[in-house]
Amino acid sequence: MDIRPVDKSELGIIADLFQKTLGGQEVFQGEKKKIAKYLENVDGTFYAVEDDDIIIGVVLITAKTYNQHTLWEIKHAAILPEHRGKGAGIILLEYIDEKIRKQIAKGQCSSAKIELAITEKDSVFTDKNEKNDLGFWKRNGYKVEGTLADHFKKGEAVILLGKSF
């Protein structure tokens with residue numbers, strides 16, 4: 001498996017992947033063209049994980065530096081269901097971790113943190129044996145930092161996760 005930045009010309013493919021995996025989120029419902037337009041205008045960088053030159057997963061991440069501390073945020077991330085549990089999600093996270101470590105080593109910042117929010121129902125990295133992604137994130141060094149009730153929609157809690165470097 002390989003990791004690479006996503007080219008703008010591939011946003012239709014990414015829209016399709018997000019629609020298949022994150023279709024419960026309102027922003028990924030509807031026409032693929034509309035979703036691709038949203039992705040075109042969203043702030044951040046997309047990284048794809050490929051297997052045999054086919055995109056099987058993607059992450060959208062942003063980074064902002066404040067006083068030598070870089071805050072990274074995972075905005076959207078997903079692995080196609082048939083490829084979950086085979087290491088693609090771990091490879092994506094290791095790629096991002098390495099980018100952060102290099103940024104620190106080069107003196108571009110002195111510390112960094114990655115944050116993300118998942119719902120109790122999110123299952124976009126794990127296989128069908130786990131009820132949600134929380135175990136996946138914890139196994140990869142993320143800590144629960146809080147929860148928010150009714151955040152994305154009424155009756156659905158969001159779990160805030162973070163990993164510091």
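**A look around the model**

Modeller: Let's begin with Gln103, which counts as buried because its relative accessibility is 12%, and buried means under 20%. Keep in mind that this is a predicted model.

Colleague: Okay, and which helix is Gln103 found in?
Modeller: Gln103 belongs to helix H3, which covers residues 88–105.

Colleague: Which side chain does the side chain of Gln103 make a polar contact with?
Modeller: That would be the side chain of Thr70, at 3.5 Å. If you set aside neighbours within four places in sequence, Gln103 is in contact with Thr65, Thr70, Trp72, Gln108 and Cys109.

Colleague: What is the bridge partner of Thr65 in E4?
Modeller: Thr70 again: the two are bridge partners. Strand E3 (residues 54–66) and strand E4 (residues 69–79) run antiparallel and are joined by 10 bridges.

Colleague: And which strands does H3 touch when it packs on the sheet?
Modeller: H3 touches E1, strand E2 (45–51), E3, E4, strand E5 (111–119) and strand E7 (158–164). The direction of H3 makes about 165° with that of E4.

Colleague: Let's zoom out, then. What is the strand order in the open sheet?
Modeller: The sheet has 7 strands in the order E1-E2-E3-E4-E5-E7-E6, and the pairing is mixed. Strand E1 (2–5) and strand E6 (143–148) are the edge strands, each pairing on one side only. On average, neighbouring strands of this sheet are turned by 25° against each other, direction ignored.

Colleague: New topic: at what angle do H1 and H2 pack?
Modeller: Helix H1 (residues 11–22) packs against helix H2 (residues 32–41) at about 110°, and their axes are 8 Å apart. So H1 is roughly perpendicular to H2.

Colleague: Which residues meet there?
Modeller: From H1 there are Leu11, Gly12, Ile14, Ala15, Asp16, Phe18 and Gln19, and they meet Lys32, Ile35, Ala36, Leu39 and Glu40 in H2. Sorted by class, this contact has 7 nonpolar, 2 polar and 3 charged residues.

Colleague: Is Asp52 buried or exposed?
Modeller: Asp52 counts as exposed, because its relative accessibility is 69%.

Colleague: And what about Asp150, where is that one found?
Modeller: Asp150 is in the loop between E6 and E7. Asp150 has a positive phi too, near 55°, and at 41% relative accessibility Asp150 counts as partly exposed.

Conventions: Residues numbered from 1 in each chain as written. Predicted model: local features only at pLDDT ≥ 70, side-chain atom pairs only at ≥ 80, totals over all residues. Heavy atoms only, no water. Helix = DSSP H or I, 4+ residues; strand = E, 2+ residues; numbered from the N terminus. Buried < 20%, exposed > 50% of the residue type's maximum accessible area, 1.4 Å probe, protein only. Polar contact = N/O pair within 3.5 Å; in protein donor to acceptor, adjacent residues only side chain to side chain. Contact = heavy atoms within 4.5 Å. Axes fitted to C-alpha atoms, helices over the stretch in contact; angles between N-to-C directions. Parallel < 35°, antiparallel > 145°, perpendicular 65-115°, else oblique. Nonpolar A, V, L, I, M, F, W, Y, C, P; charged D, E, K, R; others polar. Pairing = 2+ DSSP bridges.
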